[in-house]
There are 2 protein chains.
Amino acid sequence: MADSSEVEILCIGTELLLGNILNSNARWLSEELASLGLPHFRQTVVGDNRERLIEVVQETAQRSRLLITTGGLGPTPDDLTTEAIAAAFSVPLEERADVWSDIQEKAHSRGRLPGHETRRQALLPKGAQVLWNSTGTAPGMIWAPLPEFTVLTFPGVPSEMKAMWHGSAVPWIQASGLSKGVFVSRVLNFWGIGESTLAEHVADLLDGVNPTVAPYAGRGEVKLRITARAEAPSNAWGLVDHTEQELRQRTGNLCFGVDQDSLASAVLKQLAAAGQTLSVAESCTGGGLGAELTAVPGASSVMVGGVIAYANSIKRDLLSVPESFLEEYGAVSAPVAEAMASGVRRLTGSDWALAVTGIAGPDGGTQEKPVGLVYVAVAGPDGCSSEMLRLGHSRGREWIRVVSAGEVLNNLRLRLMGTQPG
Amino acid sequence: MADSSEVEILCIGTELLLGNILNSNARWLSEELASLGLPHFRQTVVGDNRERLIEVVQETAQRSRLLITTGGLGPTPDDLTTEAIAAAFSVPLEERADVWSDIQEKAHSRGRLPGHETRRQALLPKGAQVLWNSTGTAPGMIWAPLPEFTVLTFPGVPSEMKAMWHGSAVPWIQASGLSKGVFVSRVLNFWGIGESTLAEHVADLLDGVNPTVAPYAGRGEVKLRITARAEAPSNAWGLVDHTEQELRQRTGNLCFGVDQDSLASAVLKQLAAAGQTLSVAESCTGGGLGAELTAVPGASSVMVGGVIAYANSIKRDLLSVPESFLEEYGAVSAPVAEAMASGVRRLTGSDWALAVTGIAGPDGGTQEKPVGLVYVAVAGPDGCSSEMLRLGHSRGREWIRVVSAGEVLNNLRLRLMGTQPG
């Protein structure tokens with residue numbers, strides 16, 4: 001197994017330092033490295049600045065064996081990665097005829113002439129191997145400027161980086177001998193329990209060394225990450241499975257899934273297995289609940305659709321919420337939430353229906369009905385239930401919307417399991 | 001003005017290195033630092049590992065004047081930040097009576113006894129000043145272990161970090177004299193043009209030094225970031241304004257807004273100014289278009305709601321899309337998109353209506369109607385228009401959904417400006 005401190009990620013781009021974009025490339029590469037049994041222990045971000053790039057590359061070469069970079073490979077003057085890496089080792093750049101041909105070909109296939117500036121992308125340090133870019137024009141490289149130090153460069157455009165990673169980098173890493181052991185990780189996803197309470201329930205396991213168990217909080221969700229190391233995948237997964245079983249026994253139905261499972265995908269799976277359908281009626285979430293459900297590929301076998309009932313007129317006219325409920329209890333109330341759920345269930349003919357109505361803020365709150373007050377309802381073959389949520393205003397509009405959607409999905413999940421929510 | 005290389009961000013957490021979460025804290029802090037005229041030039045991420053933390057802190061102390069850390073301040077054994085920073089300078093920890101009182105008080109106010117492990121959070125290096133945490137129990141610190149080097153620590157929980165930043169760190173930074181000049185930035189947001197085409201239109205401006213102009217691509221959007229430095233804010237903004245004017249003149253109505261403006265917020269603003277209302281009918285976006293619109297605070301003055309018409313039965317029964325259209329043209333067709341838009345407009349009584357129907361994949365595509373084929377429609381007082389999009393399958397389901405929603409919003413934006421969409 002490669003020594004733990006031997007792999008690093010370097011993301012290059014002034015837009016990252018200015019906070020204009022999230023560093024989603026670093027996250028994606030981190031997951032990929034972990035799954036290859038190649039843990040990394042440091043990530044660095046620098047801007048499009050030649051001197052600082054050279055400095056970081058030289059530092060990294062002293063303490064690591066593999067550096068993976070993203071960004072700065074394009075044709076514009078602020079794309080400095082290749083040039084700076086070459087300069088860090090005082091190696092000249094040379095134009096690669098095959099890369100320049102590839103750039104010209106790609107331009108022609110789009111009915112364009114290759115711009116003069118794109119020719120810069122054909123320059124690579126002497127001795128570097130081309131990491132071909134099948135979708136874009138900027139190639140990367142695999143280059144070992146020192147006997148014990150290799151750099152892999154990728155463009156910052158996520159789709160290009162991902163295609164090159166899978167197409168060329170993974171085979172190279174697997175053949176490199178850097179990744180001998182495996183390091184596997186599974187995340188258990190929980191809803192309806194706080195991070196510290198969950199941590200108390202499993203405190204003894206948090207002290208484990210292999211596997212390790214670590215809690216962290218998402219938006220309404222809490223996660224426990226189980227990570228194991230072993231010589232072979234089956235042994236590592238065996239360790240993870242054993243700890244997962246223990247965690248599930250202690251936490252009952254609070255765990256709704258693993259890894260990329262969402263509450264939406266969990267509920268869709270339950271309904272698909274039962275051959276049942278679902279619809280939604282959304283006020284404060286405004287379509288967000290439907291979007292979460294339909295983000296899951298294959299949702300159409302379960303999810304029929306629904307109504308975004310943002311205005312009260314829609315609640316009344318489309319969902320048949322009685323005017324008297326709106327007047328007497330207000331739009332944000334248990335009777336209205338239940339009437340919305342029943343209404344959309346009737347309207348669409350679905351087996352189950354979810355409804356959300358609340359005050360997402362920042363305005364619209366009152367003393368009696370503050371920002372963060374939300375009612376969610378589930379209507380099904382066995383009747384209608386609802387729950388009041390007090391989510392507060394401090395975490396903001398988006399948080400209230402996401403947690404409300406999660407809570408109503410969790411209520412349905414528990415009802416489908418035969419458990420009463422709340 | 002502080003020397004450019006004097007501020008760094010260090011984010012601590014194994015979950016970041018495993019790719020379990022996005023580093024949204026780094027992005028948020030980056031934006032805040034830029035707005036304070038305190039640019040930073042390096043970000044580092046390390047895991048919950050004492051030795052590596054000490055190493056990074058010692059390196060940073062040699063090249064920087066201010067280090068801002070997030071994460072690792074909690075009560076669990078893997079929270080090592082404070083201890084490691086103290087160890088980096090061989091300074092002992094001491095318990096702060098006022099911090100321990102605060103932790104106990106917070107536990108009592110929640111009707112709980114403070115756990116033994118929470119007491120660790122009252123330990124700070126000798127000489128450090130407490131950075132109070134008003135919402136959580138983990139305090140941060142402001143500590144100058146060396147005459148020319150200060151560390152500010154924050155918890156990893158974003159809401160706590162943000163509250164502490166605004167409450168205590170910003171006043172400290174402003175009083176510190178680190179931030180003398182200003183460094184301001186505005187982002188112009190474009191729709192309907194590719195990054196490289198836009199870059200060609202403004203190539204000469206990309207070579208500027210102050211302001212700098214840099215292009216980058218989002219999901220369907222392209223952005224140009226204008227950044228200027230000056231002694232006083234008014235001078236810096238003057239430079240930005242001048243360049244913005246030039247860019248807008250060259251790009252016409254391709255620019256839909258600045259900074260956090262979204263296509264949704266731009267359209268809502270136009271409609272609010274005209275006193276008009278909007279509804280949506282969504283198939284492949286499944287609520288995502290409604291969610292984008294209602295993510296904008298105050299959307300309720302314009303957005304009345306709509307129908308998530310995922311199943312064909314909903315398109316027919318709720319939106320009155322003729323059965324013959326569905327049979328003859330298929331659900332993914334211009335006639336159906338237009339009938340959906342007209343249908344939801346009639347149903348809700350809104351002035352304008354948007355519709356989206358398409359194949360988001362990964363399954364469901366055919367030779368004739370591949371994944372990525374989407375029709376969007378806009379219905380309004382002056383009739384109905386539609387557009388066919390071919391978005392391809394390679395960028396995935398979520399990208400298709402987001403770009404489809406953007407495209408239909410942009411079509412409405414252009415129609416409201418009296419321009420026919422292209």
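Predicted model: local features only at pLDDT ≥ 70, side-chain atom pairs only at ≥ 80, totals over all residues.
Along the principal axes, the C-alpha atoms of chain A fill a box of roughly 80 × 55 × 40 Å. Of the 422 residues in chain A, 53% are buried. When contacts in chain A between residues at least 6 apart in sequence are considered, 66% of them join residues at least 24 apart.

Strands of a sheet pair through backbone hydrogen bonds, either parallel or antiparallel.

Within chain A, strand S1 (residues 7-12) pairs with strand S2 (residues 42-46) in the parallel sense over five bridges. In this pairing A:Leu10 stands opposite A:Thr44 in S2(A). Between the chains, S2(A) and strand S2 (residues 42-46) of chain B run antiparallel and are joined by three bridges. Here A:Gln43 has B:Val45 of S2(B) as its bridge partner. On the chain B side, strand S1 (residues 7-12) of chain B and S2(B) pair in the parallel sense, again over five bridges. B:Val45 in S2(B) is also the bridge partner of B:Cys11.

How enclosed is strand S2(B) by the rest of the structure? Five of its five residues are buried, so S2(B) is largely enclosed. In a regular strand the side chains alternate between the two faces of the sheet. In S2(B), B:Arg42, B:Thr44 and B:Val46 lie on one side and B:Gln43 and B:Val45 on the other, and with all of these residues buried both faces are covered.

The contact between the chains can also be described by its residues.

Two packed helices are described by the angle between their axes and the distance between the axes. Helix H10 (residues 263-274) of chain B and helix H15 (residues 397-416) of chain B have axes that come within 9 Å and cross at roughly 30°. H10(B) and H15(B) are therefore roughly parallel to each other, an assignment that applies to angles under 35 degrees. The crossing in which H10(B) passes H15(B) is left-handed. H10(B) contributes B:Leu263, B:Ala264, B:Ala266, B:Val267 and B:Gln270 to the contact, while H15(B) contributes B:Gly406, B:Leu409, B:Asn410, B:Leu412, B:Arg413 and B:Leu416. By class, the residues of this contact are seven nonpolar, three polar and one charged.

The backbone itself holds the last details. Most residues other than glycine have a negative phi, and most peptide bonds are trans. A:Ser90 is not a glycine, yet has a positive phi of about 50°. A:Ser90 is found in the loop between helix H4 (81-88) and strand S4 (93-95) of chain A. With 8 other C-beta atoms within 10 Å, A:Ser90 is exposed. In chain B, B:Ser90 likewise has a positive phi of about 50° and lies in the loop between helix H4 (81-88) and strand S4 (93-95) of that chain. B:Ser90 is exposed, with 8 other C-beta atoms within 10 Å.

The bond from A:Asn210 to A:Pro211 is cis, with omega near 0°, and A:Pro211 is in the loop between helix H8 (203-206) and strand S10 (212-217) of chain A. The bond from B:Gly361 to B:Pro362 is also cis, with omega near 0°, and B:Pro362 is placed in the loop between strand S15 (352-358) and strand S16 (373-380) of chain B.

Conventions:
Residues numbered from 1 in each chain as written. Chains lettered and ligands numbered in written order. Pairing = 2+ DSSP bridges. Helix = DSSP H or I, 4+ residues; strand = E, 2+ residues; numbered from the N terminus. Buried ≥ 20, exposed ≤ 12 C-beta atoms within 10 Å, placed from the backbone. Axes fitted to C-alpha atoms, helices over the stretch in contact; angles between N-to-C directions. Parallel < 35°, antiparallel > 145°, perpendicular 65-115°, else oblique. Left-handed = near helix turned anticlockwise from the far one by under 90°. Contact = placed C-beta atoms within 7 Å. Nonpolar A, V, L, I, M, F, W, Y, C, P; charged D, E, K, R; others polar.
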